[in-house]
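Good morning, everyone. Please take a moment to look at the chain on the screen, and then we shall go through parts of it together.

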Amino acid sequence: MNARRKKLDKARAAASKDAATASTRKKTGAVLLSLAAVLAASAAVGAGSLVAPKAAEKTLPAAVTNLPAGDASSVCAPTPKLLKGVDGTDPQFAAGGKEISSNLRSIAVSDLAKRIPGSSFAKLDGTSERPLTERIAEAQALEARGSDDDGQTGRTSKVSTVNGVDDAQVYSLQPLGGLASEGGALRGYQAKDGDLAGLATGTCQAPASTWRFTGLQTSTGSTSVMNLANPTHTTAQVSLRLRGPEGLIDTPTLQSIVLAPGESRALVLGGYAQDMDSVSAEVTSLGGKITASVQQAALRGLTPSGVDLVAANASASNTQVIPGVWIDEKSNSDALSKDDGTLVPQPARLGHRFLRCRIQGQGARQGRRSSRQLR
């Protein structure tokens with residue numbers, strides 16, 4: 001009887017203990033199930049990141065859009081002028097002589113229907129426009145025509161000359177048939193007296209983001225002025241790097257030149273690279289595209305030695321092709337070098353129209369060449 005009662009009390013105690021721990025077991029089971037669900041979701045995400053979904057095989061055709069060409073613009077350099085004084089990077093100019101003639105000449109070439117496109121000169125900001133050829137109505141200009149009203153096919157052109165304009169000018173040429181028209185312009189300069197006596201011409205250049213110049217001089221008697229112009233409607237941030245015979249020249253003030261739309265600026269390179277026979281320059285622009293040209297002049301003692309409008313060079317390369325100037329008699333060669341031994345023509349083999357110059361070194365050394373390097 002006592003043994004039976006003991007078993008009954010033991011069973012009751014076990015039942016009470018089981019009832020007390022039932023809620024804890026349920027909570028633990030729920031937590032374990034949640035943890036298992038999280039692990040399963042993580043495994044699914046990991047598998048998705050390791051195995052990329054298959055790309056769609058359907059391809060969309062590229063949209064084709066025809067955009068008609070706009071007016072072609074090029075900037076003509078200002079008339080060469082003698083420096084009177086320098087105020088920072090914006091020199092003041094004065095006349096260099098009494099007998100000076102400077103003009104702008106342009107040519108506009110027709111399409112096959114003999115239609116001359118409209119053309120004009122204007123200031124950098126678009127004001128003071130000077131029409132050269134009459135502009136064709138836009139609706140008619142968009143028509144692509146291969147012959148005139150009589151069925152004749154051919155081309156013609158119109159040459160225009162503008163005098164008395166000394167500042168930088170923008171030459172604009174109307175497109176025809178949705179294509180850019182053929183044509184161009186140049187600045188011509190001639191002076192019979194003064195320190196800038198001589199003849200110089202410079203082609204009007206289309207705006208670009210990069211310009212390179214070699215063979216510039218800042219030695220005694222030589223003057224090099226960099227002319228920058230922004231003909232666009234976007235502000236340009238310009239950087240100018242100069243290199244001399246010893247390498248890159250430290251010019252921190254030339255690294256953040258801001259040119260507003262329609263603005264121009266002249267930089268006297270002698271203020272940054274002094275007394276150098278050969279300087280190279282690289283001009284880069286962020287934002288609006290610009291044009292760059294160099295006015296270069298020299299004095300040999302008190303005798304004017306000419307003026308030049310230096311255009312940009314081709315991109316950097318191991319070789320450069322330099323147009324040759326033919327000197328027919330040795331007496332003419334001797335006359336050139338009589339007063340200055342540096343004016344010595346380099347020989348070339350007969351029949352060669354060009355001299356090929358092998359470049360050695362970098363920067364300003366690209367402008368140096370010798371007779372042994374010419375072939």
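Serine 219 sits in the loop between β11 and β12, the latter being residues 222-229. The strand names come from DSSP: strands are E runs of at least two residues, helices are H or I runs of at least four, and both are numbered from the N terminus. This is a predicted model, in which local features need pLDDT of at least 70 and side-chain atom pairs count only at pLDDT 80 or more, while totals for chains, interfaces and linings use all residues. Residues are numbered from 1 along each chain as its sequence is written, and side-chain values use heavy atoms, with hydrogens and water left out.

Is serine 219 buried or exposed? Its relative accessibility is 14%, so serine 219 counts as buried. Buried means under 20% relative accessible area, exposed means over 50%, and partly exposed is in between, with a 1.4 Å probe and protein chains only. Apart from neighbours within four places in sequence, serine 219 is in contact with Asp275, Met276 and Asp277, where contact means heavy atoms within 4.5 Å. With the side chain of aspartate 277, the serine 219 side chain also makes a polar contact, at 3.5 Å. A polar contact is a pair of N or O atoms within 3.5 Å; within protein, one must be able to donate a hydrogen and the other to accept it, and residues adjacent in sequence count only if both atoms are side-chain atoms.

Let us turn to the cysteines. The structure holds one disulfide, a pair of cysteine sulfur atoms within 2.5 Å. Its partners are cysteine 76 and cysteine 204, with sulfur atoms 1.9 Å apart. Cysteine 76 belongs to strand β1 and cysteine 204 to the loop between β10 and β11, so the pair ties together parts that are 128 residues apart in sequence. Both cysteine 76 and cysteine 204 are buried.

Next, the strand pairing. Strand β4, residues 100-109, runs antiparallel to β9, residues 183-191, and nine bridges join them; strands pair if DSSP finds at least two bridges between them. Within this pairing, asparagine 103 has glycine 188 as its bridge partner. Seven bridges also join β4 to the antiparallel strand β7, residues 157-163, where valine 109 stands opposite serine 157.

Finally, confidence. The protein chain has an average pLDDT of 78, and 70% of the residues score at least 70; pLDDT is the predictor's confidence in each residue, from 0 to 100. Over residues 85-95, the pLDDT is below 50.
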